[in-house]
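Please look over the structure below before reading the notes.

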Amino acid sequence: MSSVLSQLVEELTAGRVKVVDLTQPLGPDTPVIGLPDIFASSPGVTIEQISRYDDAGPAWYWNTLSFGEHTGTHFDAPVHWITGKDLPNSSCNTLPPGRFVGPACVIDVTADVDADPDFLLTSERIEGWEAEHGRIPSGAWVLLHTGWSRRTTAEDFLNVAEDGPHSPGFDRAASEMLAHDRDVTGVGVETVGTDAGQAGGFDPPFPNHTIMHGAGKLGLASLCNLDRLPATGSIVIAAPLKIVDGSGSPLRVIALAPA
Ligand code: 23J
Ligand code: MN
């Protein structure tokens with residue numbers, strides 16, 4: 001009898017299931033979120049060589065990495081936010097690994113974001129997506145396909161104006177619906193963080209972080225290649241580094257999708 005896993009291997013080998021990389025490169029040019037000056041900032045990436053087949057190590061090449069936990073394509077654990085601080089098993093090393101794998105629901109709002117970089121996904125818009133694609137299942141990764149990863153310079157990607165950053169996200173009711181009424185695993189976005197650029201001024205501030213993490217849900221930021229996924233029918237695997245008491249981690253996010 002052919003198990004689902006041996007079938008999956010067959011489908012991968014035959015090229016009928018593809019592995020899609022949803023990860024941005026991680027390096028010194030990786031853009032980092034800017035917060036108001038009153039708050040501490042997160043450092044960018046530095047990569048320092050230990051040796052490269054030289055006197056410091058004649059047959060080996062390796063580097064020392066330094067970066068904030070929330071850098072580049074990265075994972076937000078519930079403990080990242082004050083609302084999630086007392087939830088059990090909510091840091092990078094204690095989250096059960098079963099939480100890292102789930103079906104993807106990809107919501108395409110690229111046209112809306114092209115017209116308005118401050119576009120916010122609403123609960124009505126989620127209901128419209130569900131009328132077309134079916135109800136978002138419990139345990140889903142909800143991926144907001146904004147087209148933001150087409151912005152390849154740090155300036156365009158962070159899109160900071162005099163009044164702060166401008167980038168799309170979720171409105172409060174959308175985050176509440178996904179966290180509480182749909183019981184999703186988490187949300188993934190193409191932008192630098194899972195809240196909209198202007199969300200520091202929302203009520204509550206940073207509503208998506210506040211609501212999602214308070215409900216024990218996860219986040220993925222700075223994704224790319226969402227245009228390669230169908231609205232439903234793919235599986236996302238997003239496993240952070242097992243950092244002790246970690247609030248988040250850069251990671252490789254991959255999807256299994258119909259070819
Ligand atoms: C700290 C403060 C505000 C925000 C963030 C971090 C993130 O977006 C993040 O990477 O989790 S909005
Ligand atoms: Mn983060």
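In this predicted model, the largest pocket has a volume of about 790 Å³. Its lining is made up of 33 residues. The second largest pocket holds about 300 Å³ of space.

**Largest pocket**
- Ile33, Gly34, Leu35, Pro36 and Phe206 are the lining residues that lie nearest the centre of the largest pocket.
- At least two lining residues come from each of β4, α4 (154-158) and β9 (164-165).
- By class, the lining of the largest pocket has 15 nonpolar, 15 polar and three charged residues.

**Second largest pocket**
- The second largest pocket is lined by 18 residues, and Gln24, Asp29, Thr30, Pro31 and Thr152 lie nearest its centre.
- Seven nonpolar, nine polar and two charged residues form this lining.

**Manganese site**
- Three residues coordinate the manganese ion (ligand 2): His70 through ND1, His74 through NE2 and Asp76 through OD, at 2.0 to 2.2 Å.
- Along the chain, these donors follow the spacing H-x3-H-x1-D.
- His70 and His74 are both buried.

**Helix α6**
- Helix α6 spans residues 207-214 and is mostly covered, with seven of its eight residues buried.
- The buried residues of α6 are Pro207, Asn208, His209, Thr210, Ile211, Met212 and His213.
- Among the elements that cover them are the strands β4 (74-76), β10 (169-170), β11 (186-189) and β12 (218-221), together with helix α5 (172-181).

Conventions:
Residues are numbered from 1 along each chain as its sequence is written. Chains are lettered from A and ligands numbered from 1 in the order in which they are written. This is a predicted model: local features need pLDDT of at least 70, side-chain atom pairs count only at pLDDT 80 or more; totals for chains, interfaces and linings use all residues. Side-chain values use heavy atoms; hydrogens and water are left out. Buried means under 20% relative accessible area, exposed over 50%, partly exposed in between (1.4 Å probe, protein chains only). Helices (H or I, at least four residues) and strands (E, at least two) are DSSP runs, numbered from the N terminus. Contact means heavy atoms within 4.5 Å. Donors are N, O and S atoms within 2.8 Å of the metal (3.2 Å for Na, K and Ca); water is not among the atoms, so sites may look incomplete. On a 1 Å grid over the protein atoms alone, a cavity is a set of points where a 1.4 Å probe fits but cannot get out, and a pocket is an open set with protein on both sides within 12 Å along at least five of seven lines; lining residues have an atom within 4 Å of a point. Grid points are joined across faces, edges and corners, and a volume is the space filled by probe spheres set on the points. Ala, Val, Leu, Ile, Met, Phe, Trp, Tyr, Cys and Pro count as nonpolar, Asp, Glu, Lys and Arg as charged, and the others, Gly among them, as polar.
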